[in-house]
Amino acid sequence: IELYQNYPNPFNSYTNIKYVIPKSGLTNLKIYNILGEEIAVIVDEYKNSGTYEAIFNASYFSSGVYFYRL
């Protein structure tokens with residue numbers, strides 16, 4: 001699994017997250033705040049192997065530092 005740096009970074013409302021899945025299967029991409037609390041689920045579905053991009057819309061969240069996990 002490859003998880004790339006989001007762009008643009010830093011961002012205002014939107015950022016793109018690129019990732020690669022080597023084998024087909026259930027895929028989860030989650031966003032966490034600085035306290036480690038899950039604040040959003042961007043991807044939660046079966047994906048075939050390949051390269052994907054997901055968009056994180058942060059316009060509903062306060063500015064700050066966020067982490068993402070695949």
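## A nonpolar surface patch

Patches are made of residues with over 30% relative accessible area and no salt bridge, where like charges are joined within 9 Å and nonpolar side chains (Val, Leu, Ile, Met, Phe, Trp, Tyr) within 5 Å; a salt bridge is a side-chain nitrogen of Lys or Arg within 4 Å of a carboxyl oxygen of Asp or Glu. Accessible areas come from the Shrake-Rupley method with a 1.4 Å probe, and for residues only the protein chains shown count as cover.

This is a predicted model, in which local features need pLDDT of at least 70 and side-chain atom pairs count only at pLDDT 80 or more, while totals for chains, interfaces and linings use all residues. Residues are numbered from 1 along each chain as its sequence is written, and side-chain values use heavy atoms, with hydrogens and water left out.

In this model, I34, L35, V65 and F67 make a nonpolar surface patch of about 440 Å². I34, which sits in the loop between β3 and β4, is exposed (over 50% relative accessible area), its own value being 58%.

## The open sheet

Strands (E, at least two residues) are DSSP runs numbered from the N terminus, and two of them pair if DSSP finds at least two bridges between them. Here 3 strands form an open sheet with antiparallel pairing, in the order β4-β3-β6, and its edge strands, β4 (38-47) and β6 (67-69), each pair on one side only.

Strand β3 (residues 25-32) is joined to β6 by 3 bridges, and I31 has Y68 in β6 as its bridge partner.

## A cis peptide bond

The peptide bond from Y7 to P8 is cis, with omega near -10 degrees, and P8 lies in the loop between β1 (2-3) and β2 (14-21).

Note on methods. Helices (H or I, at least four residues) and strands (E, at least two) are DSSP runs, numbered from the N terminus. Buried means under 20% relative accessible area, exposed over 50%, partly exposed in between (1.4 Å probe, protein chains only).
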